[in-house]
Amino acid sequence: MTDQPIGAVEAGGTKFVLAVADAAGRIIDRTRIDTRTPDVTFPEMAAFFAAHGPLAGIGIASFGPIDINPASPAYGTFTTTPKPGWSGARFHDALAHLGAPLLIETDVNGAALGEWLSGAGQGCETLAYTTIGTGIGAGVLHRGAARGGISHLEAGHIRPVRDPVRDPFAGRCPYHGDCLEGLASGPAIIDRWGAPLDEAARTDPDAIPLIASYLADLAVSLVLLHMPDRLIFGGGVMKTPGLLESLRHQTELRLAGYVSHPRLDPGLATYIAAPALGDDAGITGAIALGQQASRQRGD
Ligand code: ZN
């Protein structure tokens with residue numbers, strides 16, 4: 001085991017959180033930089049790591065869609081992301097010269113890993129972590145390994161039930177219109193009400209129940225498809241007071257008692273949880289990925 005430090009990246013749509021940790025995972029240094037275009041943000045990221053000398057491994061938890069198949073020639077490459085400039089950008093192009101092995105996961109798989117290791121997902125055999133922010137995504141871990149197939153899960157693009165009378169907003173996903181991300185992400189909330197959800201709720205009493213109704217459709221799908229021990233809902237939108245409670249309530253109504261298990265406690269007060277690591281779930285998972293990368297190299 002090397003005593004070289006570990007690099008970690010939580011790459012989000014608005015910011016990159018960068019950290020260097022010791023071999024045990026304790027953070028030595030961290031910073032955040034704005035997400036601009038790859039030709040600006042990637043060199044800033046590489047410079048931060050280069051200043052810390054040789055690294056044993058770098059773990060990356062990134063927004064997507066991104067190729068996370070280590071056997072793919074395009075491993076670490078952004079694919080169909082609508083974010084301007086990012087489609088085709090590849091983490092290896094920015095970091096390979098540092099000589100450290102890279103391990104890349106989605107942002108939500110990384111956050112799920114962080115919560116599973118040291119947060120609200122500890123002890124869960126199957127854990128679902130959903131983020132509601134600039135985008136919407138869900139990662140599902142089974143015994144610590146991310147569920148996926150030919151690509152990572154894209155649960156944020158499932159279409160929830162929309163009543164056009166209750167919610168005339170047509171959605172903003174460039175691919176699907178009124179999919180979950182098109183209706184309930186932070187930018188969708190701003191488009192619909194011209195304000196974040198907590199402000200919108202002051203003038204529209206249905207704002208929080210409406211967004212929670214869409215999230216509850218996803219929560220029910222996650223339960224029915226994956227039967228997780230727990231659902232964690234994080235991200236900036238979830239900090240809106242009352243949203244988590246409304247989500248629990250509407251999820252329980254939709255499940256209608258059909259799934260019966262002690263994990264699904266009355267009111268789902270423990271079944272649907274906020275991230276225990278708060279905003280550090282992603283970077284915590286990225287550090288764990290960096291440690292895995294280091295071990296895979298055989299140090
Ligand atoms: Zn969509």
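**Reading spaces and a metal site**

The largest cavity is lined by I158, P160, L180, Y214, D217, L218 and S221.

User: Before we start, what sort of model is this?

Analyst: It's a predicted model, where local features need pLDDT of at least 70, side-chain atom pairs count only at pLDDT 80 or more, and totals for chains, interfaces and linings use all residues. Residues are numbered from 1 along each chain as its sequence is written, and side-chain values use heavy atoms, with hydrogens and water left out.

User: How many cavities of 30 Å³ or more are there?

Analyst: Rolling a probe the size of a water molecule over the atoms shows where empty space is left. On a 1 Å grid over the protein atoms alone, a cavity is a set of points where a 1.4 Å probe fits but cannot get out; lining residues have an atom within 4 Å of a point. Here the count is one cavity of 30 Å³ or more. The largest cavity holds about 30 Å³ of space, and helix α7 (residues 207-226) gives the most to its lining, with four residues.

User: And where does the second largest pocket lie?

Analyst: A pocket is an open set of points with protein on both sides within 12 Å along at least five of seven lines. Domain 1 (6-109 + 279-298) and domain 2 (120-274) both give residues to the lining of the second largest pocket, so this pocket lies between them. Those domain bounds come from an automatic or database domain assignment. About 390 Å³ of space lies in the second largest pocket. Its lining has 26 residues, and the closest to the centre are I68, I104, E105, N109 and A146.

User: What arrangement do the four donor atoms around the zinc ion make?

Analyst: Start with the donors, which are N, O and S atoms within 2.8 Å of the metal (3.2 Å for Na, K and Ca). Zinc is coordinated by H157 (ND1), C173 (SG), H176 (ND1) and C179 (SG), at 2.0 to 2.4 Å. Four donors count as tetrahedral if all angles lie between 85 and 135 degrees. The angles here are 102 to 125 degrees, which makes the arrangement tetrahedral. In sequence, the donor residues are spaced H-x15-C-x2-H-x2-C.

User: Are H157 and H176 buried, partly exposed or exposed?

Analyst: Buried means under 20% relative accessible area, exposed over 50%, and partly exposed in between (1.4 Å probe, protein chains only). H157 has 24% relative accessibility, so H157 counts as partly exposed. H176 is partly exposed too, with a relative accessible area of 36%.

Notes:
Points joined across faces, edges and corners; volume = space filled by probe spheres on them. Helix = DSSP H or I, 4+ residues; strand = E, 2+ residues; numbered from the N terminus. Tetrahedral: all angles 85-135°; square planar, octahedral: opposite > 155°, others 65-115°.
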